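The following account leads the reader through a structure of several chains. Please keep the sequence and the model in view while reading.

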Amino acid sequence: MKTVEMPKMGDTMVEGKILHWLKHEGDPVKKGESLAEVETDKVNIEIEAFASGVLRKILVPEGNSAPVGSGIALIGAPDEPLPEGMGGNGSAKVPVSTPVDLAKGEKTPAAAAQKPGQLLREETGPAYLQGAPQQAGVQPAPSPIGEERIFISPIARRLAEEHQLDYTRIHGTGPNGRIIKMDIDAALAQMQAVPAAPVAPQPEAAPVAPPAPEPVQVPAPELAPAPIETGEAVEIPLTTMRRTIARRLGQSWQVAPHFYVTSVIDTGKLADLRRQINEYAEKDPAPVKVSFNDLVIKAVALALLRMPQVNVSFAEDRLIQKKQVHIGMAVALEQGLIVPVLHNVDRQGILDIARESHRLAEAARTGKLRPEDLSGGTFTISNLGMFDVDSFTAVINPPESAILAVGSITPTPVVVDGQVVVRDRMKVTLSSDHRAIDGATAARFLQEVKRLLEEPFGLLL
Amino acid sequence: MAISNVTLAGLTQAQLLEMHYSMIMLRRFEEKGAEEYTRGKIAGFMHLYIGQEAVGIGCISALRPDDKILASYREHGLAIAKGMDPGVVMAELFGKITGCSKGKGGSMHMWSNELGLLGGNAIVAAQMPMASGVALAMQYQGLDTIVACFFGDGAVDEGAFHESLNLASIWHLPVVYVCENNQYSMGMAVQKAWAVDSLLPRAAAYNIPYEQVDGMDVIKVYEAMKRAVERTRSGEGPSLLEIKTYRFRGHSMTDPAYYRTREEEQQWRSTRDPIGIFEKKLLELDLATQAEFDQNDARATQVAEDAAEFADNSPEPALEELYTDVMADNSTALSYRYERK
Amino acid sequence: MRTITYRDALREAIREEMQRDERVFIMGEDIAGYGGTYAVSKGLFEEFGEKRVRDTPLAEEVITGAAIGAALGGLRPILELMTINFSLLASDQVINNAAKFRYMFGGQPEIPLVIRMPGGGGAQRGAQHSQMLESLYGHIPGLKVVMPATPYDAKGMLKSAVRDLSPVLFIEHELLYNVKGEVPDEGVDYTVPLNRGEVRREGQHVTIITFSRMVHVTLQAAEDLAKEGIQAEVIDLRSIRPIDIDLVLDSVKKTNRVVIAEEGWKYYGTGQGIAALIYEYAFDYMDAPIQHVTSADVPMPYSKVLERAALPDNSYIANAIKSIVPPALVRS
């Protein structure tokens, strides 16, 4: 018994409708004779028999459609038994001979179908930039969420990223203010860059409070545009620096889930150590005065060494754990906050740290900070202790994952051995990015910082 | 059954029987191809030679094995007539690596350097200028090989037809141009397309000897082709044959042939079938028997089946073949100086 | 070394190849007795005779098809089409046959064919005789498309083309035929590869990619700008397909700025194609968008002043360069 299948008459045909059977059940059929008239998507055609015999069964009646490859009739010898279920009535279920037509032709397994795309991808495109270091993981590119848009040419951006230079602070000399390679080269070659960095915003805090005891006055490098008086208020246009601070702070706040851990540190022994160090330091060939903040910087550096899990950047699908410790210290200028960076603090002695922090503060004040002084930080410390601030929380400085807010040293009544005594205490609050750092880690870190500050000989050893 | 010493057109009985087999071979092959097409094994365009067997067999029988042929896209018959293995032809139709063009050509693009089959051309009449060129090469090299160029009535209206005949004529090129006039170029009837209903004036315009032949009679075709070939091979220049034939099926597999009537088709099929005409002639002249015809038919049917099976079992081309054979030196659009991974 | 014209260099190449290989012959309209519309084949008919130096009827389609057929039949034809404008009549044979045969027929045919034709304008020949259409053919897999700019390259590349087993479109330029340049002495058989460009001038500020007649215009512009301190690197592609991509990318990596100078039209042409390749493979090296100097997007006018305005000249190229080389860069 031969099954007559709905033939494929054209590339786009998927099914055909039987318009008219030219032969009826029981009619003899010769190979090559027309069996039926079929309607396809494009034309009406006649289908021919590929075998001779008798048309034993019509499986798809007139007016019905059948997919290409499915059985529509049976041709066989007059006395040949019909397959099961055919019976005598024409409305028996249609045995769908598996539309095997198309699949049968392919002897290679379906897995081979995976290959074309792969083969073609390998062929096209020379991998000209193999090894070019432009992965976005190192610094999440400051893709702006505000309307502010920074134009930068591809090579300039790449160079900036390679040198960990925050190009948002660089003035572009190309068309549309585009930052071009020349601008990055200049920035890297020790030309003045417009400083800007976000730290610890207090809603109404006056932007003062440097880590050094005296307030710092710096002539503004950029003239603030004149405020505009309207009837009910004064509009103060933002400088580029302020706009950038606003943008970066806003972004950091929105993107990183901040959580806070506070610790109270007894600074008695720290004060003693500081006094002793300074007694020595003023007689040093290069005399220097060490501040409390310098000691905090050292403590934090050592703690980061011991707990590198805090010295990280979050990069979407991985954490980038820095091998070096560079600590930024917030400096308040009239025109805004900047964060100069002390590099490799973990490897520096306390005197050197003090010297560097002085230098940076002075340079910030006089507008002489170099590009490398402003880049590369892995952790930031902000100190508002000189304003009698008890404690506060700071906004993380991206791409870092944590920032330490240091409050004032205050004489405080505490209970020791059942007695109420007065001790000098300092509150510190660690803000952490919960995507990169979890609670226990933050707590243990802060614990280590506290330990180093309360047993400060550890800073020297 | 009397065994006769009579020959026909100088061909022996064995040769005549072989001719019959060849025609039936073409017929069964094309029928099998049609069947496989409806099963989805063959895709794209397929143009059947059914009804025109006498033209292919008659013409190519008059050629030497080293003679070259160029054809249009209706070339399976010519390929097999020129000596291509039916399995290799079918495999090409199936798009398999064992096809004559490695599966990269399909029905319309068949080629064989050894057999002198130079395409398989799908642009109508484009083979005619090339045929002149191949003939030029034969002449230039002092060979007495000739070129036979097959084209249809549709090609006659292309500019290339005229340009080629003219060039062949002025340079006395050894090419026989064979027009397989099957009365229709796709849906355009020749009466509507040709300003004059014969190619005689066109041949005369280019000073080329011309003959019109009944394409349903393989012996007449053979003899006319022999005359043209001899003339051309002797250096007298090109010849033009107009062979009137008929295709029993539509232009291609998807053509329902609305432009002609079923009666007309029926008429040709029943009274002007070249195989039937040949068998009748052979029987009348006692040169063959029905049994021998049936034997040929059975053999041809089997060969066609075997060809389909061979094609079915053949592997697809490896994906690497996508990029091979573009340039003789395998160069690509980009020329590299450095290694790429 | 001696100094000869581009035209003479071509003729020498043809003659030397015909002497070297019996299968090489030339055909085209008016190339025999007339010596060729641009006198390239002058004298060859007298030297080699009718069989090998063939005048054809005025019929681009058949003479191109016949050249293809002759190549299929074992010869090495050099076909001359009078200009690239007329090649449009032959484009079916070139694109559908010459380019595809080898692939379509499973690697069996070989078409060692050279089609020579001048392209471009600048001689007030009018719109239908002044086009630069190489991009139509550069688009097609299966062809080689080359455009030599100097006599040295014309001779060396034509020899390579004749010896190449693939179909080669050899695009000259009417205004180049009289350009003089140095070639090796007679008797020295040298070839120039068909897949390599050449740095004509080194510089660090900007890469200019160009070919054919525009190479000379570009070099002039580069000289002018050098006086202002701008050092331009000029790359003569020599070959459109295949294109010497690494030569281009190396230079882009060095200068980070690109100007493409061509005579054709801007849209969907060779220049845009090259620009896309550069953006694709050297995006991270770009310091400015690629500048593209082309003919005006109009059919070529006849009038002298309009034609001059339509074609790109040194000043356009200089302006394009200056628009992307920051002055501060040059000063430092």
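How many helices and strands are there in chain C? There are 13 helices and 15 strands in chain C, where helices (H or I, at least four residues) and strands (E, at least two) are DSSP runs, numbered from the N terminus. The model is a predicted one, in which local features need pLDDT of at least 70 and side-chain atom pairs count only at pLDDT 80 or more, while totals for chains, interfaces and linings use all residues. Residues are numbered from 1 along each chain as its sequence is written, and chains are lettered from A and ligands numbered from 1 in the order in which they are written.

Of the 332 residues in chain C, 60% are buried. A residue is buried if 20 or more other C-beta atoms lie within 10 Å of its own, exposed if 12 or fewer, and partly exposed in between, with C-beta atoms placed from the backbone. Among the contacts in chain C between residues at least 6 apart in sequence, 79% join residues at least 24 apart; two residues are in contact if their C-beta atoms, placed from the backbone, lie within 7 Å.

Chain B has 12 helices and 10 strands. Its radius of gyration, 21 Å, is close to the 20 Å that the globule rule gives for 341 residues, so chain B is as compact as a globular protein of that length. The C-alpha trace of chain B spans about 75 × 50 × 40 Å along its principal axes, and 54% of the 341 residues in chain B are buried.

Nine of its nine residues are buried, so helix 4 of chain B is largely enclosed by the rest of the structure. Among these buried residues are P86(B), E92(B) and F94(B). Just after helix 4 of chain B comes G95(B), which takes a positive phi of about 80 degrees.

The discussion now turns to the contact between chains B and C. It takes 44 residues from chain B and 40 residues from chain C. On the side of chain B that touches chain C, strand 3 (117-120), helix 5 (127-140), helix 6 (159-170) and strand 10 (334-335) of chain B each give two or more residues. Helix 5 of chain B provides the largest share, 10 residues. This side of chain B divides into 23 nonpolar, 15 polar and six charged residues; Ala, Val, Leu, Ile, Met, Phe, Trp, Tyr, Cys and Pro count as nonpolar, Asp, Glu, Lys and Arg as charged, and the others, Gly among them, as polar. Strand 10 of chain B also pairs with strand 13 (residues 243-244) of chain C, in the parallel sense and over two bridges; two strands pair if DSSP finds at least two bridges between them. The bridge partner of L334(B) in strand 13 of chain C is I243(C).

Chain C is also in contact with chain A, through 13 residues of chain C and 15 residues of chain A. Helix 10 (270-282) and helix 13 (327-331) of chain C each supply at least two residues of the side that touches chain A. By class, that side of chain C has 10 nonpolar, one polar and two charged residues.

Chain A itself is assigned domain 1 (2-105), domain 2 (154-188) and domain 3 (228-460), with bounds that come from an automatic or database domain assignment. The C-alpha centres of domain 1 and domain 3 of chain A lie 85 Å apart.

Two sheets of chain A complete the account. In one, four strands form an open antiparallel sheet in the order 5-4-2-7. Its edge strands are strand 5 (44-48) and strand 7 (65-67) of chain A, each of which pairs on one side only. Strand 2 (residues 15-21) and strand 4 (residues 34-39) of chain A pair over four bridges in the antiparallel sense, and H20(A) stands opposite E37(A) in strand 4. In the other, six strands form an open sheet of mixed pairing in the order 11-20-19-18-14-17. Strand 11 (258-266) and strand 17 (341-342) of chain A stand at the edges, each with a single partner strand, so one side of each is left without a neighbour in the sheet.

Definitions and conventions
The radius of gyration is taken over C-alpha atoms; the globule rule is 2.2 Å times the number of residues to the power 0.38.
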